[in-house]
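I want to jot down what I looked up here, piece by piece.

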Amino acid sequence: MKTLSPKEHKRNATATGAFFITATVTAIIGVILYDPILLDPNYLITGVKNSNQIVLGAIFESILAISAVGTALMMYPYLKNFNESWGLGYVCFRMLETVFILIGILSMLAIVTFSNEYVKLGPSEMQSFQITAKLLKTTRDWTFVLGPHFMLGVNTFIYSLIFFKSKLVPKQLSILGITGAVSIFIGSILEMFGVISPSSGLILVIALPIAFYEMILAVWLIRNGFNWNAIINEQ
Amino acid sequence: MTTLDSHRKNSLTAGILYLLTFVSIPTLSLYGPVHDANYITSSASDTPILIGGILEIIVALTGIGTAVALYPVLKKQNEGMALGLVSSRVLEAATIFAGVMFLLTVVTFHQSAASAEAAVTSRTLVTMYDRMFLIGQSFMPAINDLLLGFLLYHSRLVPRGLSLIGIIGGPVLLMGTFSVLFGLIGQREPLAALSAVPVAVFEFSLGIYLVVKGFKPTDGTPSN
């Protein structure tokens with residue numbers, strides 16, 4: 001790496017941690033704001049009543065998408081020093097994860113626009129609107145399985161493995177990351193085959209280790225930065 | 001690790017990943033049932049489509065893998081083009097993922113005992129998948145192989161004859177893609193498949209070559 005001062009390294013680590021926290025916070029706020037559509041079976045009616053809230057949720061999810069890529073960009077110089085291909089691969093995969101988040105946002109915003117027209121319709125036209133709305137909502141559900149579950153598992157596995165090998169963070173922390181990644185990855189495969197429902201409580205338990213890991217990692221990076229010896233070794 | 005070792009490792013990884021990108025061939029038959037107009041009201045199994053989806057996801061991820069594995073070597077030839085290859089592989093993966101999601105949505109519709117009206121929506125999704133396939137797995141690979149063909153040809157990292165197959169295969173596949181887009185040939189006709197043959201030969205033989213022999217020593221790579 002070009003000679004960065006310890007202070008600059010610390011600043012990079014703080015930014016990485018801040019992106020992780022922003023991603024988690026915006027993800028939670030986004031899902032809560034989406035509740036009228038995600039939880040209510042009559043979401044075309046509740047969607048129009050809460051349209052501003054859904055749009056706000058979409059904005060929070062957009063910030064989530066940017067923060068997720070942000071974590072990858074801030075980590076890239078460190079991951080690349082250990083292995084350039086894996087570092088670049090991680091950035092690419094993280095971008096794929098956000099592609100799903102963005103498709104999900106698009107579907108939710110489309111439901112809002114759609115519900116505005118739906119409430120003006122007569123009963124005869126309502127059924128085809130309901131089917132198309134279901135299409136949009138199903139798409140959004142799948143983006144959630146493939147993005148924040150499947151791809152997050154793949155991505156977290158990659159960077160945690162590099163952390164483990166390069167000792168950029170303490171080993172216990174990277175092992176927690178690898179465990180959380182494998183857990184959410186298996187969870188997403190089970191969701192695909194319909195073994196567990198994406199809206200069940202079980203998936204929350206499966207996602208718990210990775211959520212826990214990201215928060216500890218974020219706090220660790222902000223307080224201590226990347227392990228200085230690992231940075232020196234790779235120069 | 002010496003540079004020579006690391007180059008061998010890069011070429012071996014890229015070669016294996018290139019061969020892995022062929023795992024999606026069974027999707028042609030796995031996706032047969034979903035193309036049936038009555039699929040949504042039929043009691044056909046969804047498992048082949050789910051497996052096909054997972055195979056396509058593997059292809060999307062390994063596709064990016066080939067580009068990032070080659071990147072450290074190719075960037076010595078032309079950093080912009082090497083990064084361009086990585087980027088266009090990401091675009092390709094994004095279109096593959098979007099296509100898979102269309103079919104997964106059809107599966108969900110099928111599982112929830114959909115009405116005849118849902119059949120129209122499902123046909124739309126399958127049509128969108130087919131068009132997405134044309135962009136993601138015909139148009140984008142043609143661009144990727146053109147980029148890669150030029151990079152390999154100029155760097156002489158592999159025999160030039162091999163790179164030439166890619167440089168020729170890219171435009172051939174592009175012509176095939178546009179012929180389908182303009183309705184000159186059907187997407188599921190043999191001629192459309194034929195236009196993809198040179199590119200497939202290029203990627204497959206490149207995979208074998210990289211696994212067996214690795215890069216040839218050039219200015220970019222250290223010689224023995």
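I start with my contact rule: two residues touch if their C-beta atoms, placed from the backbone, lie within 7 Å. Helices (H or I, at least four residues) and strands (E, at least two) are DSSP runs, numbered from the N terminus.

Housekeeping next. This is a predicted model, where local features need pLDDT of at least 70 and side-chain atom pairs count only at pLDDT 80 or more, while totals for chains, interfaces and linings use all residues. Residues are numbered from 1 along each chain as its sequence is written, and chains are lettered from A and ligands numbered from 1 in the order in which they are written.

**Entry: helix α6 of chain B**

I looked at what covers the buried residues of α6(B), and the cover includes α5 (116–155), α7 (190–194) and α8 (197–212) of chain B. I call a residue buried if 20 or more other C-beta atoms lie within 10 Å of its own, exposed if 12 or fewer, and partly exposed in between, with C-beta atoms placed from the backbone. In α6(B) the buried ones are S163(B), G166(B), G169(B), G170(B), L173(B), G176(B), T177(B) and V180(B). The helix covers residues 160–181, which is 22 residues, and reaches 32 Å from first C-alpha to last, close to the expected 32 Å; the expected span is 1.5 Å times one less than the number of residues. After α6(B) comes G183(B), with a positive phi near 75 degrees.

**Entry: chain A overall**

I count 8 helices and 0 strands in chain A. Its C-alpha trace spans about 70 × 35 × 25 Å along the principal axes. Of its 235 residues, 46% are buried. Taking contacts between residues at least 6 apart in sequence, 76% join residues at least 24 apart.

**Entry: F114(A)**

F114(A) sits in helix α4 of chain A. Why do I file F114(A) as partly exposed? Because it has 16 C-beta neighbours inside 10 Å. Leaving aside neighbours within four places in sequence, F114(A) is in contact with F129(A), T132(A) and A133(A).
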